[in-house]
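Subject: structure handover

Hi,

Here is the structure I promised to pass on.

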Amino acid sequence: MSEKIYKIINARLLIDHKIIENEYLWFQHGKIIHPQNLFFDAHRDADEIIDAKGMIVAPGFIDTQINGGYGIDFADHDGSNEKIQQDIDTVAQGLLQYGCTAFCPTVVSSDPKVYEKVLPLLNQRKGAATGGAEILGAHIEGPFISVEKKGAHDENVFRTAKNGIADFDAAYGSELKKGSKAVSIMTVAPEIEGVTQAIPDLVKRGITVAMGHTACRIAEAEEAVKQGATSITHLFNAMQAFHHRDPGLVGVLGAADLPVPTQKSGHPAASSTSPSRNKPDPRPFYGIICDGVHVHPNSVRIAYYSHPSGVVLVTDALSAMGLPKGTYTLGGREVEVDESGACYIKGTDTLAGCTVTIDECVRNFQRFTNCSIVDAIEAATLHPAQLLGIEDRKGTLNVNADADLVFLDDSTGEIRVKRVFVAGDEVVLKN
């Protein structure tokens, strides 16, 4: 993290939901700073000028659901702690190549011994240009989920929560008591015994509760939201299909009578479809996989136009990300990746994740929905930061935010990552 003061010129800056031209961006000590303080307080000017050459400068992308990459699965607990840490570093470093500067390493349903070993290594840690993308805490997906909607998860480790939060502590071990320092997001099925009743206790620990891998009905989903659930995991996948009489979890996007949040943090901003135009939206955020396989483009478009401020682009990428077609592992199970990059449980047609990258998700999302470049970028920057309640330091170019930046060339109409900065230091890109 440099003492030098940097000034970005000739940039189109994504600020306050707009692309701003003829403005400069300043940063020092890994943080975005206000130039007025330099001129009038420190009597200093920039030490180094960075010419953006007309590119968009935006916050770094954030991926809140990623299982691994480069042959590495975050649920793999074999080997020494040193080896697992090296593997985590390999993925963190690789993600920077796609403009992903922060992420939630995701662990699928596992035995308690797996969580005890891997979760301490997935605690929050700062990013660095050489060390890799920032870890925002783990996303633990299961094992309090539905057998009916298990996807690629191992149902032999599934649990209920009839004893409330005590069952969660028993499943995940001591790390869960650290709250968001260790676990940033937890995916649960609201209909599983005791789960909805335990949501307030999880929220008190600073954990974002997401609903997913669930066969819940609309009433169960809405009750979970009332108890504090604020997200949906990979919308449309591993949940009941929309039905006009009982739309299930998908139907929460159309809810109009949920309690209005008393605070902005952790909730979507008001939009043209919100129940209230000047208060936070009570509907949850929703992760969506824009690889063109998991969700049809028309479905992506329906979700976006229903709840535009709630969309959070995720990759749900697994160990095969960054690798060619072949057989890989996810949570100890064999999965196959085909020519399109789609991944299935070996020998079945059950989707098990994908190999898409976060920048590709942004491009696909813009193409699928015909939304603006601003909306597409914010779905991978501002919205995930709001979901985690960290928009004061991530997801924006506001003063005091982290200087995690991507320079995007949109000359073809689609964004391409050309330069990446983490905590103010530039990443060496291979392409």
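Before more detail, the ground rules. This is a predicted model, in which local features need pLDDT of at least 70 and side-chain atom pairs count only at pLDDT 80 or more, while totals for chains, interfaces and linings use all residues. Residues are numbered from 1 along each chain as its sequence is written, and side-chain values use heavy atoms, with hydrogens and water left out.

Back to α8. Of its 12 residues, 10 are buried, so the helix is largely enclosed by the rest of the structure. Buried here means under 20% relative accessible area, exposed means over 50%, and partly exposed is in between (1.4 Å probe, protein chains only). Among the buried ones are Cys361, Arg363, Phe365 and Phe368. The buried residues of α8 pack against β8 (61-66), β11 (100-108), α7 (297-306), β18 (311-314), α9 (373-378) and β24 (416-422), where contact is heavy atoms within 4.5 Å. Just after the helix, Asn370 has a positive phi of about 60 degrees.

Now the rings. Searching the whole structure gives 10 aromatic pairs. Tyr6 and Phe27 make a stacked one, at 4.9 Å centre to centre with 15 degrees between the planes. That pair joins distant parts of the chain, since Tyr6 is in strand β1 (residues 6-9) and Phe27 is in strand β4 (residues 25-28), 21 residues apart. (Rings of Phe, Tyr and Trp, the last by its six-membered ring, pair if their centres lie within 6.5 Å; planes under 30 degrees apart are stacked, over 60 edge-to-face, and the rest tilted.) Tyr6 is buried at 10% relative accessible area, and Phe27 is buried at 1%. Ring pairs also link Tyr6, Phe27, Phe407 and Phe421 into a cluster.

Two charges sit over rings. Lys7 lies over the face of Tyr24, 4.1 Å from the ring centre, and the charged end of Arg419 is over the ring of Phe407, 5.2 Å from its centre. The test is NZ of Lys or CZ of Arg within 6 Å of the ring centre and within 35 degrees of the ring normal.

Met55 is buried at 14% relative accessible area. Leaving aside residues up to four places away in sequence, Met55 touches Asn10, Ala11, Arg12, Phe407, Leu408, Asp409 and Lys418.

As for the whole chain, there are 10 helices and 25 strands, and 59% of the 431 residues count as buried. Along its principal axes the C-alpha trace spans about 60 × 50 × 40 Å. Of the contacts with a separation of 6 or more, 68% are between residues 24 or more positions apart.

Cheers

Conventions
Helices (H or I, at least four residues) and strands (E, at least two) are DSSP runs, numbered from the N terminus.
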